[in-house]
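Please brief me on this protein model in short, plain points.

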Amino acid sequence: SRGLVAQAVGLGNYQRLFAISSPAVRRWCMLHDYDYISAIGHFVGDKEWHSCFNKVFLLQLARKEMHNLYDFFFYMDADAVIVNPSFCVESILSPHQLLAAQVGGDRHKSWQKNDGVALYNLNHPLAQHLSDTWVQRSYSSIGNKSRTADQKEWYDILQTYGEEEGWPLRELL
């Protein structure tokens with residue numbers, strides 16, 4: 001399977017972390033034959049905090065513009081690091097799962113995941129809905145200047161998928 005790994009950072013304090021983490025992430029990608037893309041600044045909006053939405057637009061780019069090239073999309077915030085370079089990230093995601101991410105809140109709610117390190121199955125039937133809806137809500141949040149972060153929008157979307165047994169999410173190990 002082919003994967004795209006992405007990182008994004010605004011023009012603020014996290015740039016120093018990005019300068020440290022991104023070379024290691026790029027080497028890890030080369031080791032596993034993953035493609036790598038990064039974004040510095042912000043795609044949409046005019047405030048520094050708008051860069052938190054970059055992951056939304058990178059996911060949309062991978063799903064919509066490059067959908068025939070990749071099976072999975074792995075996003076890592078600038079402060080995330082690879083601790084086991086031999087680890088193949090795609091091994092934790094089965095074909096029936098939409099995404100894998102670390103718990104970001106209440107462990108009893110399957111939709112509360114941290115979107116700062118997340119693995120997406122681009123071939124999953126819900127991938128288009130998640131991506132399109134997240135982009136739409138992100139534009140709305142930026143336009144309304146409500147300072148609603150990407151994480152809240154993500155939670156709201158994931159909640160719509162329900163809490164049923166066998167829900168298509170998995171916690172990262």
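Axes are lines fitted to C-alpha atoms, for helices over the stretch in contact, and angles run from 0 to 180 degrees between N-to-C directions. With that rule, the axes of helix 2 (residues 54–65) and helix 3 come within 9 Å and cross at roughly 145°. This is a predicted model, where local features need pLDDT of at least 70, side-chain atom pairs count only at pLDDT 80 or more, and totals for chains, interfaces and linings use all residues. Residues are numbered from 1 along each chain as its sequence is written, and side-chain values use heavy atoms, with hydrogens and water left out.

**Overall layout**

- The chain has 4 helices and 6 strands. Helices (H or I, at least four residues) and strands (E, at least two) are DSSP runs, numbered from the N terminus.
- Read along the sequence, the pattern is β-α-β-α-β-β-β-α-α-β.
- The chain has 173 residues, and 49% of them count as buried. Buried means under 20% relative accessible area, exposed means over 50%, and partly exposed lies in between (1.4 Å probe, protein chains only).
- Among contacts in the chain with a separation of 6 or more, 74% join residues 24 or more positions apart. Contact means heavy atoms within 4.5 Å.

**Helix 2 against helix 3**

- Helix 2 passes helix 3 in a left-handed crossing. A crossing is left-handed if the near helix is turned anticlockwise from the far one by less than a right angle, and right-handed if clockwise.
- Helix 2 brings K55, V56, F57, L59, Q60, R63 and K64 to the contact. Helix 3 brings A127, Q128, S131, D132, W134, V135, S138, Y139 and I142.
- The residues of this contact of helix 2 with helix 3 divide into 8 nonpolar, 4 polar and 4 charged. Ala, Val, Leu, Ile, Met, Phe, Trp, Tyr, Cys and Pro count as nonpolar, Asp, Glu, Lys and Arg as charged, and the others, Gly among them, as polar.

**Helix 3 against helix 4**

- Helix 3 (residues 127–144) and helix 4 (residues 150–159) pack at an angle of about 140°, with their axes 10 Å apart.
- That angle makes helix 3 oblique to helix 4. Angles under 35 degrees count as roughly parallel, over 145 as roughly antiparallel, 65 to 115 as roughly perpendicular and the rest as oblique.
- Helix 3 passes helix 4 in a right-handed crossing.
- From helix 3, the contact uses H129, L130, T133, W134, R137 and S141. From helix 4, it uses D150, E153, W154, D156, I157 and L158.
- By class, the contact of helix 3 with helix 4 has 5 nonpolar, 3 polar and 4 charged residues.
- Helix 4 is mostly covered, with 7 of its 10 residues buried. These are D150, Q151, E153, W154, Y155, I157 and L158.

**A closer look at R137**

- R137 sits in helix 3.
- R137 counts as partly exposed because its relative accessible area is 29%.
- Leaving aside neighbours within four places in sequence, R137 is in contact with E153, D156 and I157.
- R137 and D156 are 19 residues apart in sequence. In space, they are 9.8 Å apart, C-alpha to C-alpha.

**Aromatic rings**

- The structure holds 8 aromatic pairs. Rings of Phe, Tyr and Trp (its six-membered ring) pair if their centres lie within 6.5 Å; planes under 30 degrees apart count as stacked, over 60 as edge-to-face and the rest as tilted.
- Y34 and F72 form an edge-to-face pair, 5.5 Å centre to centre, with 85° between the planes.
- This pair links distant parts of the chain, 38 residues apart. Y34 is in the loop between helix 1 (14–32) and strand 2 (35–40), and F72 is in strand 3 (residues 72–77).
- Y34 and F72 are both buried.
- Ring pairs link W28, Y34, F72 and F74 into a cluster.

- D33 lies in the loop between helix 1 and strand 2.
- Phi of D33 is near 60°, a positive value in a residue other than glycine.
- D33 counts as exposed because its relative accessibility is 54%.
- D33 and R2 are 31 residues apart in sequence and 8.0 Å apart in space, C-alpha to C-alpha.
- S38 lies in strand 2. S38 is partly exposed, with a relative accessible area of 35%.
- Leaving aside neighbours within four places in sequence, S38 is in contact with Q7 and F18.
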